[in-house]
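Please keep the sequence and the coordinates in view while reading.

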Amino acid sequence: MSLLGEYDPDNIFAKITRGDLPAARIFEDHDTLAFMDAFPQSRGHALVIHKRAHARNLLEIEPEPLQALILSVQRVTRAMVAALKPDGVVVTQFNGRPAGQTVFHLHFHVVPRWEGVPLGRHAGGGAADPAELAELARQIAAEIS
Ligand code: 5GP
């Protein structure tokens, strides 16, 4: 699957939204959901999605849900910085398999960075300890305003 294709309502993030798959949830509102990446590129790597927009990528989402989504991205990024105090934060998003996308439900990555700490592999590193992810999610959630 690349830029063209049908939205799969049974993709991993749709299942997480429905509660059919577990995730370390950080924040949820009427439109959006933030949770920890299970294969993080850094300590605290989070993902933010729209819960109902059936968009596989940035090209497919309508302006209104995109607005809700990007505002949640900013909210989670601010909370992450307050909670984890990184030296920097990468906010990124991939469109199509050749661009690096592996889950075809639009999402933004929020990846904290620390000086001198190399970035882990994208979607290819090891699975994080669920208990550690839950604790990070709790710390970030505590700073959501
Ligand atoms: P993409 O490659 O599509 O930009 O990003 C997909 C992200 O989802 C990757 O960073 C990958 O580590 C993460 N991921 C893959 N499977 C799961 C899962 O089952 N749960 C969670 N929380 N993250 C996942």
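In which loop does Leu 59 lie? Leu 59 lies in the loop between β3 (46-50) and α2 (63-84), where helices (H or I, at least four residues) and strands (E, at least two) are DSSP runs numbered from the N terminus.

This is a predicted model, in which local features need pLDDT of at least 70 and side-chain atom pairs count only at pLDDT 80 or more, while totals for chains, interfaces and linings use all residues. Residues are numbered from 1 along each chain as its sequence is written, and side-chain values use heavy atoms, with hydrogens and water left out.

**The sheet**

The strands form an open sheet of 5 with the order β1-β2-β3-β5-β4 and antiparallel pairing, two strands being paired if DSSP finds at least two bridges between them. Because β1 (25-28) and β4 (88-92) each have a single partner strand, they stand at the edges, and one side of each is left without a neighbour in the sheet. Neighbouring strands are turned by 15 degrees against each other on average, direction ignored; axes are lines fitted to C-alpha atoms, for helices over the stretch in contact, and angles run from 0 to 180 degrees between N-to-C directions.

Helix α2 packs on this sheet, touching β1, β2, β3, β4 and β5 (107-113), and its direction makes about 160 degrees with that of β3; contact means heavy atoms within 4.5 Å. The pairings with listed bridge counts are these:

| Strand pair | Bridges | A residue pair |
|---|---|---|
| β1 and β2 (residues 32-36), antiparallel | 3 bridges | Glu 28 and Leu 33 |
| β3 and β5, antiparallel | 4 bridges | Ile 49 and His 107 |
| β4 and β5, antiparallel | 5 bridges | Thr 92 and His 109 |

Strand β5 is mostly covered, with 6 of its 7 residues buried; buried means under 20% relative accessible area, exposed over 50%, and partly exposed in between (1.4 Å probe, protein chains only).

Leu 59 counts as exposed because its relative accessibility is 64%. Tyr 7, in the segment before α1 (12-18), counts as buried because its relative accessibility is 14%.

Leaving aside neighbours within four places in sequence, Tyr 7 is in contact with Ala 14, His 54, Ala 55, Arg 56, Phe 104 and His 105. Tyr 7 and Gly 44, in turn, are 37 residues apart in sequence and 28 Å apart in space, C-alpha to C-alpha.
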